[in-house]
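I opened my notebook for a friendly look around this one. Come along as I jot things down.

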Amino acid sequence: MSTSQKFNILFSGSQTADTVNLCRYIDEYAATLGLSRLDINTGAINTIIAVTNQQFPWIPGAVKASPFKKVAAFTTNFVAEKPIITPFPEDKFGILATHQNAIIAYALSIDALEGATINCEKRKKQIVLSNRIKISQHYWQDLIVALSNCIPVHHFNCVSLIYESLAYRANPDASYEPTI
Amino acid sequence: MKIAHALWMHLVLTSFVGIIETIIMNKVAQQHEAEAFKVLRAVNPAILGGTQPLQIAKDVQFPNAAGGLRLVSPEEIRALAHSSAQNLLSALALGNV
């Protein structure tokens, strides 16, 4: 992979690139938190990438899915597979120290949505989610607990709508006109 | 001798027809099974799995709101992760809920 090449952070079209990207992200995130060692289940990482690409939980498939559905598929499968075994430092994360998988899944999803594009046929234009999603610490804590109990087949749609709502709050012009 | 020959021919023909029947019935059963599996995968692809894209998707018209996630280079991925983790640590250190 050349250093000048750019790929979608996930769903890049290459499962190998997705896997490498995901491992890079996890590695750097853990290092920044001060962890000198992080045990991960590499089989689970491969499963997450394979399942989200090949068995996307929305019938038309990953290629046609919005960025919200893509990060929702990633988040729910990542949390369910629990690839990160080592908990985060308890002195920094308290009771959420064992929610390391939800924390990473949410962080990567927010990074992936910043600058993501929506090709909207209805409005006949490409919409860029240029503003980053920001939430309060209170909301973050509750969201991490909620995401930690996700089951992909049950919660994929709700998680997608959560990401969509947060993205539209940060990017009001990206939303369809509220009429109902 | 003629009776024995007739019986032998009858046995051979019956066996041959039986084999053909079995082959045809197996083919029909396989087709039904394939159709049923396709429908089941369409209902719940996440559980039933499979490695091929769902065929039914081609026949259903959905508004194409497809979108790509953020584009990054390998260096940018690490910078993103570092920045996200730093932001979270700063917020947690402040302790404002």
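Here are my entries, in the order I made them.

**Entry: the model.** I noted that this is a predicted model.

**Entry: the core.** I looked up the largest nonpolar core and found that it has 50 residues. Among those with the most contacts inside it are Tyr29(A), Ile104(A) and Tyr163(A). Which helices supply at least two residues each? I listed H1 (15-32), H2 (42-54), H3 (67-81), H5 (100-113) and H7 (152-170) from chain A, together with H3 (74-94) from chain B. H5(A) gives the most, with 10 residues.

**Entry: Tyr29(A).** I then asked which residues Tyr29(A) is in contact with, leaving aside neighbours within four places in sequence. I found Ile104(A) and Ala107(A) in chain A, plus Ala81(B), Ser84(B) and Ala85(B) in chain B.

**Entry: two lysines.** I placed Lys82(A) in the loop between H3 and helix H4 (90-93) of chain A. Lys124(A) also has a positive phi, near 55°, and is not a glycine either. I found Lys124(A) in the loop between strands S2 (117-120) and S3 (125-128) of chain A.

Is Lys124(A) buried or exposed? It counts as exposed because it has 7 C-beta neighbours inside 10 Å, and the cut-off for exposed is 12 or fewer. Lys82(A) is partly exposed, because 14 other C-beta atoms lie within 10 Å.

**Entry: Ile3(B).** I found Ile3(B) in helix H1 (residues 2-43) of chain B. Ile3(B) counts as exposed, because it has 7 C-beta neighbours inside 10 Å. From Ile3(B) to Ala91(B) I noted 88 residues in sequence and 99 Å in space, C-alpha to C-alpha.

Key: Residues are numbered from 1 along each chain as its sequence is written. Chains are lettered from A and ligands numbered from 1 in the order in which they are written. This is a predicted model: local features need pLDDT of at least 70, side-chain atom pairs count only at pLDDT 80 or more; totals for chains, interfaces and linings use all residues. Helices (H or I, at least four residues) and strands (E, at least two) are DSSP runs, numbered from the N terminus. A residue is buried if 20 or more other C-beta atoms lie within 10 Å of its own, exposed if 12 or fewer, and partly exposed in between; C-beta atoms are placed from the backbone. A nonpolar core is a set of buried Ala, Val, Leu, Ile, Met, Phe, Trp, Tyr and Cys residues joined through C-beta atoms within 7 Å. Two residues are in contact if their C-beta atoms, placed from the backbone, lie within 7 Å.
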